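User: I have a chain to go through with you. Could we start with burial and then move to the fold and the surface?
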Amino acid sequence: MSDDSVILVPLDGRAAALPALAVAKVFSDLEGAPVRILHVTAQTLPTADLARHLGLRTGELPDASIEARAGEPAAAILAAAGDLHARLIVLCTHTAPGSPAAKVGATALSVLRGASCPVILVNPARSLPDWRLRKVLLPHEGTPATSDAAKPGAELARRAGAELLVLLVAASGAANPQERGTLT
């Protein structure tokens with residue numbers, strides 16, 4: 001991972017997108033990576049007006065930087081994540097008014113599908129001013145390769161003082177993995 005990587009937080013100017021900031025701040029502290037706020041828009045706003053347009057209060061994230069890009073939101077977010085060496089992307093599941101709480105919007109789904117880094121989806125209906133990481137869920141199918149891949153999640157749980165939950169995933173009738181050392 002690059003030392004200059006960022007925690008990328010796309011905001012669209014709606015208040016519903018702001019809960020992602022509380023989550024991004026926690027991961028910024030845990031990962032030692034700065035927050036980069038991204039606004040994708042058809043028309044570029046002057047930098048001085050951008051924070052106000054996004055609903056940010058002065059001093060809310062003193063170490064964060066703000067950037068605006070033009071284009072289709074999901075494509076611009078994914079391009080920014082690559083350009084900025086994003087360690088992770090934190091965004092709300094949806095921000096459109098009247099969207100059902102359980103819905104994952106088209107932009108969030110496209111980012112989730114296309115990202116080459118972890119993506120954290122935040123429910124915009126939750127107020128998260130004092131959010132902290134309490135539990136880390138690691139799915140595991142019993143193979144040694146999955147155990148190796150789970151190490152970053154376990155390390156994250158340790159650094160955050162969070163509970164680590166390992167879920168053994170198996171499908172009824174599926175063949176057991178054949179990797180040597182697999183738990184069956």
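User: What share of the chain is buried?
Analyst: Buried residues account for 39% of the 184 residues; buried means under 20% relative accessible area, exposed over 50%, and partly exposed in between, with a 1.4 Å probe and protein chains only. This is a predicted model, in which local features need pLDDT of at least 70, side-chain atom pairs count only at pLDDT 80 or more, and totals for chains, interfaces and linings use all residues. Residues are numbered from 1 along each chain as its sequence is written, and side-chain values use heavy atoms, with hydrogens and water left out.

User: How many helices and strands are there?
Analyst: The chain has six helices and seven strands, taken as DSSP runs numbered from the N terminus (helices H or I, at least four residues; strands E, at least two). Their order along the sequence is β-α-β-α-β-α-β-α-β-β-α-α-β.

User: And what box do the C-alpha atoms fill?
Analyst: Along the principal axes, the box is roughly 60 × 30 × 30 Å.

User: Turning to contacts, what percentage join residues at least 24 apart?
Analyst: The figure is 76% of the contacts between residues at least 6 apart in sequence, where a contact means heavy atoms within 4.5 Å.

User: Where does Leu-137 sit, and is it buried or exposed?
Analyst: Leu-137 lies in strand β6, residues 135-140. Leu-137 counts as exposed because its relative accessibility is 54%.
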